Structure formats: structure tokens, C-alpha cells
Amino acid sequence: MAGLIRSVAAALLFLSMTSFGFAANKVIIILDASGSMWAQIDGKPKLEIARESLRTVLQSVPADDEIGFMAYGHRTKGSCDDIELIVPPQAGSASAISSAADSMKFLGKTPLTAAVKQAAEALKYTEDKATVVLITDGLETCGGDPCALGKELKQSGVDFTADVVGFGLTADEGKQIACLAENTGGKYIQASDEKALQEALVETVAAPIPAPAPEPAPAPAPESAKPEFNFMPSLVMAEGGDPITDGNAWEIYKAKSDGTRGDQVMTEYGAQDQT
């Protein structure tokens, strides 16, 4: 196999969240089983990293998401037509996808452009909102143009977006496929090792449903009306008598904690005092 044949790819389609609630995601994962996946990162074959990352991330996908699995390059060496939908999109398919990936051979070429197009068509991207996530450790080897495909799918799709994860790619290699994301309004993610690949899959495949907005804080209870005056004395010579309004004075002092007189506050003259 030519040295440039290096790729693993994945494509996923997510149904949109409607204005009436959240719709379950419908996803197709496409794994490029090219021979370059036998290359190692930190002493571990990339194909094993991809298998384990898929298994781990699929466990965190919501149970009602309909996930399918497609592969290319897994049956025939040197063929650009070796593309197969192995597990149709369905809920609860994580185990079937992991088993298919575990038993897969890695030996073929990299028709990543044709595979992404077939996945989009299988998910009826011209009728429903679609998101494709491409995870690749290499470049197109079958003459496809991923940049042009991105433009085509964006123009003809209802709401098409492609995200691209470059698994072990150099910066220059990444630029050659990042256009697939850029031309659809998607994002390009660089993943250089197992941890980064899993994080990229979580971000693109198992993105959590946004939490509902918090309940607004209750309005504070209105304060009870305060009296205009809280001290209204009067002076009488006998109980029930008429108040004396001339010549009297009221001295107001603060009370100490022990009940004794504290500092003087004010002196008022007349029938009433108010504090």
C-alpha cells in the first residue's frame, strides 16, 4: 500500500433540536480501515486507539440516539469502492458498533470523500438537518475533493455541517481537510493522542444536551409598611385627661445593652416627639 494511504474517518448525522423540544440524534459513524491505522502512537496502534475511543464514547451517548456504523477499506486492498453500512442507524447500537470495529480488518484505501457523501445521502441530508464528523489520520487517496464536497453538501442540504478531527495529522496535512469543516461552518479539531481523540469524539459525537435554563429567582417579598413615627408620647395630668401641649419637652437617649441610658439623641418640645 502506498505510504500516503493513511486515514480513519467517521461521519455522523445529528437531527436538529426542534422548537418544541429535543429530537433524538441520528448518527452514522464511518471508520476508514486503511492500512496506515497500524501505525503507532505512544507504542499503541492507531486502530486500537480508535476502537477503544469509540467504545468509551458510545457509552455516554443518550440511549435514544440512533447510531449507525459504516466502514471503508476493510474488505479489499486497493479498492476505492469498498464502502459498507454495517450497522444501520438505530437506538442502543453501541455494542454492535464496538463489536464490528473490533472484528474489522484494516487494509484498504481511503475514499473518505465518497464515504462522507454516501453517509449524508443515507441520512437524507436534503430533507433533514445533518452533521458529519470526519475523523482521519490521513488524506484522501481516491481522487475525491473534500473541500468541494463540503461546499456541495452545504448548498444542497437543509442544514448541513461537517466537523473534522485530524488524528495524528501534521498542521499542514490538517489544512488540506480542514476546508471540509470550514466550507460547511463546522470546526476542525486536532487530536494527537488517545486522550485528545476521546475528547474530540465527546465534543462531536456525545455532546451533552444543553441544560435547561435555571428557574428565575423568586421576587423578594414586599416589605411591610413602616410607621412614620415610632415614638408618639403625650403628657396628661390624669388618666383620660386632655394632653398638655405647652411647656413640655422630651429628651431622647439611646439605650445601652444593659438597659442604662446612653448618648442623647435629640430633644423635642411640644405635644409629640418622633424618632
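1. **What you are looking at.** This is a predicted model, in which local features need pLDDT of at least 70 and side-chain atom pairs count only at pLDDT 80 or more, while totals for chains, interfaces and linings use all residues. Residues are numbered from 1 along each chain as its sequence is written, and side-chain values use heavy atoms, with hydrogens and water left out.

2. **The first disulfide.** A disulfide here is a pair of cysteine sulfur atoms within 2.5 Å. Cys80 is joined to Cys142, with an S to S distance of 2.1 Å. The torsion about their S-S bond is about -90°, so this disulfide is left-handed. It links distant parts of the chain, 62 residues apart: Cys80 sits in the loop between strand 4 and strand 5 (83-91), and Cys142 in the loop between strand 6 and helix 4 (146-156). Helices (H or I, at least four residues) and strands (E, at least two) are DSSP runs, numbered from the N terminus. For accessibility, buried means under 20% relative accessible area, exposed over 50% and partly exposed in between, using a 1.4 Å probe and protein chains only. Cys80, at 28%, counts as partly exposed, and Cys142 is partly exposed too, at 23%.

3. Cys147 is bonded to Cys179, with 1.7 Å from S to S. This link is left-handed, with -65° about the S-S bond. Cys147 belongs to helix 4 and Cys179 to helix 5, so the pair ties together parts that are 32 residues apart in sequence. Cys147 is partly exposed at 24% relative accessibility, whereas Cys179 counts as buried at 10%. If you number the bonded cysteines in sequence order, the pairing reads 1-2, 3-4.

4. **The largest nonpolar core.** A nonpolar core is a set of buried Ala, Val, Leu, Ile, Met, Phe, Trp, Tyr and Cys residues joined through side-chain atoms within 4.5 Å. The largest one has 34 residues, and Phe69, Val165 and Leu197 touch the most other members. Among the elements that each supply at least two residues are strand 1 (26-32), helix 1 (46-58), strand 4 (66-72) and helix 6 (194-204). Helix 1 gives the largest share, six residues. A second, separate core has 24 residues, including Ile30, Leu112, Ala120 and Ala162.

5. **A look around Phe69.** Which residues is Phe69 in contact with, leaving aside its neighbours within four places in sequence? They are Ile29, Leu31, Leu54, Glu84, Leu85, Ile86, Val87, Ile97, Ala100, Ala101 and Met104. Contact means heavy atoms within 4.5 Å.

6. **Strand 7 and its partners.** Strand 7 is mostly covered, with eight of its nine residues buried. Two strands pair if DSSP finds at least two bridges between them. Strand 6 and strand 7 run parallel and are joined by eight bridges, with Thr131 opposite Thr161 in strand 7. Strand 7 also pairs with strand 8 in the parallel sense, over four bridges. In strand 8, Ile189 is the bridge partner of Val165, and Tyr188 is that of Val164.

7. **Two faces of strand 8.** Ile189 and Ala191 make up the covered face of strand 8, while Tyr188 and Gln190 form the uncovered one. As background, side chains in a regular strand alternate between the two faces of the sheet.

8. **Crossovers.** Strand 6, helix 4 and strand 7 make a right-handed β-α-β unit. Strand 7, helix 5 (residues 171-182) and strand 8 make a right-handed unit as well. Right-handed means that, with the strands pointing away from the viewer, the path from the first strand over the helix to the second runs clockwise.

9. **The aromatic pair.** There is one aromatic pair in the structure. The ring centres of Tyr125 and Phe160 are 6.0 Å apart and the planes stand at 70°, so the pair is edge-to-face. Rings of Phe, Tyr and Trp (its six-membered ring) pair if their centres lie within 6.5 Å; planes under 30 degrees apart count as stacked, over 60 as edge-to-face and the rest as tilted. Tyr125 is buried at 7% relative accessible area, and Phe160 is buried at 1%.
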